[in-house]
Amino acid sequence: MKEIKDKMIAQINAAFPEAVNKAYDGNRLDFTVHKDAIPGFLSHMKDQLGFRHLSHIAYVDWIEENEFELVYLLWSPTDKVKLFVHTRIDRENPVMHNIDMIWRQANTYQREIKEMLGIDFPDMVAPDEFILEDWDDIPPFRRDFDTLEYVNRTFWHRPGREDAQDVRETISKRSGEEIPDFAKKYSR
Amino acid sequence: MYNDKNSKKIVETIQNWARSHSVWVLAYGTGCGAIEIAPTMTSRYDAERLGFRGAATPRQADVMLITGYLTVKTVKRVVRVYEQMQSPKYVVGFGSCTINGGMYYDSYNTINLLDRYLPVDVYINGCMPRPEAVIAGLAKLQQIIREGKANGAEKYLENLEWYKENQRKIAPNWIAKAPDLNW
Amino acid sequence: MVGTPVLFIAIPLLAAFLIPLIGMVWKESVRIIPGLVLAYLLVLAINLLSYVTVNGPIVEVIAGWAPPIGINLVFNAFSGFLVTIMVFMGLLVWLYSYRFKSNVEYEAARKYFLLLMMLVTGSVGIVLTGDIFNMFVFIEITGISGYALTAFYTGRDSAEASFKYLMMGSIASVLLLLAIMIIYSQLGTLNMADVASKMHLMDPKLKAVSFILFVIALGIEAEVFPLNGWAPDAYAEAPGPVGAAFAGIVVKAAVYALIRYTYTIFDLSGAFNLLIIIGLITLVVAEVAAIRQEKLKRMLAYSSIGQMGLVLVSFGIGTKEGVFAALFIMLNHAIIKPLLFFSGSYLVYHSKKKMISDVDGMGKLAPLTSILFTLGAFAIVGLPPFAGFWSKLSFLMAAADSNMLLIIGLILTVSVVELVYYMRVVNRIFFFKRATHLLARRPTFNAYVVMIVLGLMILGIGFYPDSVSNYLHHAANSLFDKSQYIHSVLTATIQ
Amino acid sequence: MEYILIKTLEAMATFVLAFIVGMTYGGVVRKITGRAHNRLGPPWYQNFIDAFKLLSKTRGIHHGAMHFLGAAFLMVTSVVSLMIIPVLAPGGDAWYNSWFTNMNFNGDLIFLIYIMTFGPLGMAMGAGQTGNPNSSIGVTRGLSQMVGFEIPWVMALVALMITYKTTSVVDFMNIQRETGTWLMFANPFAFIAAVLAMLGMFRYSPFDIVGAPTELASGPVSENGGKFLFTMMSSGSVFTFAKLVLYVDLFMGGANNLVMLVVKTFLLYMIPVLYGIVSPRYRTEQAVRWFWGWPTFIGLLAILYAVIF
Amino acid sequence: MLTLILLLFLGGAIVTWLGGKLSPVVGDLLFLATIIIPAGMFFTGVPVGEVTHLHALGLTLTWGLTPLSYLFSMIVVGLGILLAIYAVPFMKGKQKTGAFYFNFTLSVMSMLGILASKDWVSFFIFWEIMTWSSYLMVILNGKEVQRVGIKYFIFSAIGAYAMLMAMVVMNSQLHSFLLADTFNNFQHLTTGNQILIPILLLVAFGVKSAMMPLHVWAPDAYSNAPMAYTGLFSGALSKMGIYGMVLVMVTMINQLPEGTLIRDIIAWIGGFTAAAATLWAITQDDGKKLLAWSSVGQMGYIIVGVAIGTPLAMLAALFLVVIHAMFKGSLFMVVGAIEKQTGTTDFKEVNGLIRKMPWTFISALISVIALAGIPPLAGFVSKWMLYEALIQNNNYILVILLFFASTAGFLYCYKFLHGYFLGQEEPEWAHVKEAPVAMVIPMLLLALGTFVLGTYPQLLFKPIDAALQYVGYDATGGRLWGESLLFSQWGDVVTLQPILYVVLAVFVFFALFLWFKGTKGTRYVSTKDISTSGELPKEWENLTFKVNFMQPFERAIEPFLKRQVDKYYTAFGNGMEALFEFTRRIYTGNGQTYAIYAVLFLALLLLFRVNLFG
């Protein structure tokens with residue numbers, strides 16, 4: 001496994017010198033790529049290195065760094081190696097390259113990301129609404145979205161549930177953890 | 001004689017009796033509670049002996065079972081199906097999610113109070129209610145039908161504006177786009 | 001009587017010589033004189049024909065020597081009928097081509113009309129003459145003017161076609177001379193009636209050989225398979241009216257000669273079978289070849305050959321009904337085929353290659369021409385109520401009377417093929433989108449007149465076949481009355 | 001006039017009888033199915049309650065005129081078939097016998113075969129106008145299956161016709177009465193073929209491809225509720241009874257009184273019902289081909305038997 | 001009088017054509033006048049039995065009506081008038097109106113001519129006029145001209161030439177072209193010809209009536225012709241084949257010792273035609289094609305009836321001839337109206353027209369019920385008689401085949417109605433309006449005709465009986481049919497009137513019950529409001545079930561569908577073309593080769609001189 005991984009890292013570094021590798025154990029490879037290089041990088045991975053399968057596109061809201069992160073999870077059925085491709089997107093201008101022509105299933109993930117995080121994928125097939133119908137607030141998976149406030153505003157509570165507490169304070173008290181300030185501000 | 005109050009009342013009584021003993025269920029599997037319907041209807045608990053029977057489409061059904069939490073996306077479908085059913089029609093809410101939101105009370109996309117959107121005749125508490133509880137709830141429904149108190153459909157019609165407003169609150173565009181189902 | 005048969009040869013020949021002379025003085029006369037001549041001949045022919053149907057054949061002795069020594073012309077119901085058709089066709093061809101090359105050059109027109117007159121002269125001579133060698137001469141006249149007309153468009157293709165025609169024609173001449181030699185050496189006479197009366201004296205072997213030579217020599221002119229290789233090229237390369245003239249005039253004459261030899265002169269028992277066999281092969285091969293053609297005129301040419309095959313089969317039946325049917329087919333062919341040639345050449349007028357596909361969508365651009373072409377196509381495949389049907393019916397009746405069921409079946413099968421290729425063209429004319437940007441050429445007034453006259457004749461014969469059947473019956477009878485032919489010729493005196 | 005009036009009344013009596021018996025059979029079948037599933041099952045009169053409940057629905061919808069006419073067409077088939085088939089044998093001894101032998105127009109079999117398809121086609125029109133794709137799919141499946149089972153069914157009938165030189169049900173019943181032999185014994189192959197065809201005719205499993213609740217949402221009736229469903233339900237009951245009576249008349253000598261009628265029809269009805277309880281569902285083409293297999297072969301045997309003997 | 005009528009048609013055709021050039025309205029009016037005036041004269045002025053003689057080419061053409069041809073001419077003229085009325089609005093705004101009117105008129109004329117012909121020559125002449133005028137109709141729209149048109153013409157020509165051959169052979173032996181003479185003196189023919197001639201004639205008539213191996217032209221030709229003509233094409237023109245077949249069957253085959261065998265073969269061919277065409281109709285996705293195949297199938301029933309030839313079978317067949325003309329004419333008009341109003345006839349494109357074109361739907365519904373043979377409409381009468389006749393004539397397996405065809409016929413009946421009228425009402429077709437009155441009334445009239453004849457078939461049985469008596473059957477009135485009664489020799493009886501009354505009573509009762517029970521609570525909802533598990537279909541989503549409509553059934557009959565007669569013909573045609581191409585290469589274009597041919601031919605003739613000339 002080690003040899004395969006080394007060989008692959010060498011190949012990837014040769015093809016994409018700017019891609020940053022991060023070492024992991026097991027069958028995991030990890031690269032960070034600039035967002036503009038993503039389509040070329042992924043199609044290279046698919047066509048040349050045998051990562052034929054896109055498992056998922058994970059997404060993270062790094063609100064502190066004012067960035068979104070997308071992680072493309074690739075799988076090579078022949079070499080049994082998984083490849084994590086990280087990329088960062090500016091939070092103020094969330095536009096990402098569309099890759100649904102490389103993997104058709106990417107379309108589903110991108111629609112979800114578009115709805116939940118508000119990242120736009122130009123030229124995507126069927127950019128319709130997906131899970132959230134008639135959503136007119138900010139995308140709900142952004143960390144600056146206040147769920148409880150939204151619920152209070154939109155739905156009703158049955159009388160008798162006012163005692164619902166924020167459990168994090170209890171937990172933090174019990175385990176002695178500090179709650180960061182930004183977390184208090186943005187998210188519960 | 002036909003318009004006579006007493007004879008009307010007699011007819012009404014017989015009709016309610018028939019309605020209560022022939023309840024066709026539209027088991028709309030909105031949430032996890034749908035798993036409890038299978039044992040309820042089949043050999044173990046056998047709701048058919050009480051006159052309950054599955055109906056394939058809303059046109060034929062009398063009662064709609066809301067089996068668990070409703071997301072905003074689902075509630076639109078539920079309302080549409082409810083409006084396609086033919087009066088007299090009843091709604092049974094399963095589990096705490098339909099009562100007060102249950103464990104999803106603070107989720108941004110599940111509703112908390114079902115009766116703001118649809119008239120609910122019987123609630124069955126529990127998370128999830130066991131088939132015994134379901135049978136008990138259905139028996140209660142039979143009872144109120146027999147007593148003529150299961151008038152959810154009329155309530156819905158009378159307070160249509162209120163219901164519609166609540167529905168529009170969570171799905172502003174959809175209600176506007178829907179064809180003329182509302183009556 | 002308003003004239004004598006000799007006028008049929010003398011007047012056009014004279015006109016042919018006079019055309020260049022008068023043309024020096026008055027250029028338009030080149031176009032007018034042939035018309036006048038042919039019109040006169042037509043009137044004459046009709047008069048004589050109605051005379052002979054009543055009074056029996058006219059035998060004209062020429063140059064003062066009585067038969068069997070001298071040359072004689074025989075105008076009986078059979079030959080007279082053919083002469084009438086041919087002259088009529090000549091007149092139509094003239095009318096159609098009256099404006100031929102009118103605004104281009106005078107020289108070409110002069111040549112054209114001169115050669116046309118020669119062609120008519122030769123063909124009419126073949127039919128009228130009562131002398132074998134004289135017939136040879138007329139065949140040569142026809143042939144030479146035919147070669148020249150084929151090569152009229154002085155291009156490579158025309159020259160090639162003309163050369164093929166010339167080559168085959170030469171073979172025909174050689175064989176014909178050979179046959180004449182054999183007959184003369186055996187019987188010492190070349191008068192047809194005389195030869196016919198003395199035929200039993202001839203050595204059977206030589207008789208057969210000379211007949212075969214005649215068949216092949218005349219078969220080349222009559223476009224019999226496999227001697228007709230020249231014909232499609234000549235039809236395709238010659239000017240439009242010339243193709244019509246070949247189909248309507250020359251071939252008729254050659255077939256007449258073949259029939260005259262078969263029926264009157266030789267008394268060979270197998271001759272009829274031979275006619276049927278070569279007729280059938282010609283018919284089948286020609287129709288089959290026609291269906292695969294891509295050029296319109298070639299297709300029409302092969303169709304023409306096929307019709308001649310049918311005529312030969314019909315003559316080969318050997319009964320009066322058969323001859324009647326054959327004559328009827330010839331008559332119809334003489335009417336319909338020129339119509340097809342005329343209208344067809346207008347349909348592909350502007351096209352370089354004259355392909356069938358060039359007629360696509362012509363029905364909208366040139367409706368009248370297209371309808372006339374369609375009329376001709378319907379008629380020639382024998383769809384009622386048009387002219388072709390009656391000839392086909394009478395042929396089939398004749399064949400059935402002789403119990404030739406297989407031949408009927410074969411011919412009807414071939415008719416299906418014929419129908420297919422004509423219908424393909426008709427479909428293209430009316431129901432296809434115009435693929436090229438070529439415009440339709442509007443026919444000249446004369447051409448319209450000719451085509452409409454032909455179309456009306458098709459309809460007329462179709463709706464009222466009795467209008468011609470009387471002449472046909474007389475003609476058929478006269479062909480069968482061999483003894484009367486011999487008697488009338490041999491007893492003819494100088495008038 | 002009086003005659004017609006009496007006839008009409010008798011016809012109504014027949015209809016009521018058919019309705020009651022058919023509905024009861026429906027309930028009993030549900031009960032039997034429930035017992036076979038190791039359940040209690042609904043009471044035997046459950047179908048009556050269901051029908052009455054459907055009738056007392058206060059609101060309903062329709063998709064157009066054909067929606068009404070479709071249900072009416074369906075009822076025409078049931079009622080006219082019932083009118084044509086003699087419910088009780090003409091020679092019976094019970095006092096009410098004359099009520100149920102009426103209006104049979106000699107019960108011509110070819111006429112029956114055709115009038116029996118009238119309703120399904122009309123119903124199909126109604127189903128089509130609802131615009132529900134499930135309805136149309138169900139209809140095409142039903143028609144396909146009809147083409148399937150019609151072959152052995154007609155073969156069985158033709159076998160009977162050529163033996164006894166008649167196409168009239170009444171004649172068949174008379175023949176059976178005179179000879180004393182039921183036709184199911186006289187031509188067993190015909191009976192077997194007819195019974196196999198009957199499996200498809202009653203649309204129990206494995207031939208319940210029309211309704212197919214799990215995939216087609218009850219098929220043609222999916223847009224019908226209330227009075228429409230009531231009409232279809234009662235029509236189905238009457239039609240079931242009519243078909244059973246036809247089988248009894250043809251193969252089991254008819255019935256002389258109501259008790260015999262009920263016994264015979266019930267026994268016959270149990271064949272498709274019991275077979276259906278233990279069967280899964282065929283796909284349409286499997287069903288059609290099944291009918292063109294052994295049942296058709298047995299039908300051929302029946303015809304051969306009829307021709308030879 | 002007949003001559004005058006035919007001449008009026010002919011002249012009218014030309015005048016209409018020319019008049020249409022002046023102005024469309026003049027053309028329309030002239031067309032109507034051309035059809036209606038001679039048709040009226042035909043009904044009023046031509047008694048059965050009147051004979052006209054004409055002479056041509058030494059042959060006597062004899063024209064006159066017989067009771068049999070009077071029956072068929074009723075179809076021609078009746079359908080002709082109705083279709084003419086229908087055609088005027090149908091052709092409005094279309095191209096080639098003049099050609100349409102011309103060929104339509106000529107078709108009607110030629111069919112009347114065929115029926116009026118008492119001798120083979122005029123029979124053949126009119127037959128061919130009918131062929132080419134219908135051919136020009138088939139290719140009128142310019143679609144698939146070479147494939148469909150040529151196919152039609154080849155088959156027509158094969159049929160026509162078979163007839164031509166038969167008639168000249170008969171003439172050569174019997175010295176008469178008169179139909180009556182050839183039939184009466186049939187025994188005087190030689191034995192070989194006694195077999196040959198009926199077979200040739202059966203081929204000729206089989207082509208026109210689309211008998212099984214000769215049917216391949218029919219579906220394409222029917223569906224390719226303008227719909228205003230196809231009704232005539234399928235309803236009347238193909239019946240000319242049946243007319244001829246009746247004559248041949250009754251007069252010639254009956255006199256043959258092998259007649260029974262030939263009859264059985266033809267009956268089986270008819271049965272296969274019915275079954276196979278029905279199965280093919282089921283697979284079609286275009287209404288025109290579906291009806292075309294259905295027509296072929298119905299002709300199969302008729303052929304079976306004619307071939308069986310018992311009085312009952314003949315009654316059934318001739319009844320079906322008339323009925324088929326009525327309901328199929330109406331159905332083709334329906335398709336034409338839909339094509340006119342929507343621009344397409346594809347089931348997969350158009351749907352939900354029932355509320356937009358209610359009258360069209362009603363006529364389609366009635367006609368389809370008649371087509372399916374369901375009582376109390378007229379289709380049932382013929383079906384009943386046909387089955388009774390078959391069973392009583394010991395054709396047991398054949399009757400099963402026909403039952404199968406008839407039952408499978410329900411599938412395409414439903415497919416037709418569902419395809420156009422039922423299903424989702426799409427906004428795409430919201431603009432569609434009911435067809436013009438002049439188009440609706442003819443189709444409604446025809447449909448109602450089937451309704452009336454279903455209960456009062458004696459209206460039609462009387463002329464049929466006269467026709468049958470003319471060709472030599474005993475009178476059947478009272479024996480096989482009565483006032484609203486059908487009998488068979490076994491004593492089976494169907495009384496039609498009580499059935500109608502019961503059906504109507506039950507139907508009206510329950511329709512009213514459904515209508516008045518809870519009227520206030522019942523409201524109309526659009527077809528968009530269906531139980532779709534709560535999902536609201538998008539605007540562009542069409543929920544109608546149209547694609548692979550009969551797929552389960554098609555899967556069941558898959559082995560059959562793999563075999564197409566058409567394929568074999570195409571292979572044969574391609575082989576012939578290759579052979580022709582090979583033959584054509586004899587003409588090499590090289591002068592030397594031609595010279596060699598001449599020399600070789602000379603050598604050959606000299607070689608076989610002795611064989612030729614002895």
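The legends below describe close-up views of a predicted model. Local features need pLDDT of at least 70 and side-chain atom pairs count only at pLDDT 80 or more, while totals for chains, interfaces and linings use all residues. Residues are numbered from 1 along each chain as its sequence is written, and chains are lettered from A and ligands numbered from 1 in the order in which they are written.

**View 1. The open sheet of chain B.** Five strands of chain B form an open sheet in the order 2-1-3-4-5, with parallel pairing. Strands (E, at least two residues) and helices (H or I, at least four) are DSSP runs numbered from the N terminus; two strands pair if DSSP finds at least two bridges between them. Strand 2 (52-54) and strand 5 (122-124) of chain B are the edge strands, each with a single partner, so one side of each has no neighbour in the sheet. On average, neighbouring strands of this sheet are turned by 30° against each other, direction ignored. Axes are lines fitted to C-alpha atoms, for helices over the stretch in contact, and angles run from 0 to 180 degrees between N-to-C directions.

**View 2. Strand 1 of chain B and the helices on the sheet.** Three bridges join strand 1 (residues 23-28) to strand 2 of chain B in the parallel sense. Helix 5 (residues 131-146) of chain B lies across strands 1, 2, 3, 4 and 5 of chain B and runs at about 170° to strand 5. Residues are in contact if their C-beta atoms, placed from the backbone, lie within 7 Å.

**View 3. The contact between chains D and B.** Chain D contributes 26 residues and chain B 17 residues. On the side of chain D that touches chain B, helix 2 (46-55) and helix 10 (226-251) of chain D each supply at least two residues. Helix 2 of chain D gives the most to this side, with five residues. The residues of this side of chain D divide into seven nonpolar, 13 polar and six charged. Here Ala, Val, Leu, Ile, Met, Phe, Trp, Tyr, Cys and Pro count as nonpolar, Asp, Glu, Lys and Arg as charged, and the others, Gly among them, as polar.

View 4. No contact joins chain A and chain C, whose closest C-alpha atoms lie 40 Å apart. Chain B and chain C are likewise joined by no contact, with their closest C-alpha atoms 47 Å apart.

Technical notes
Contact = placed C-beta atoms within 7 Å.
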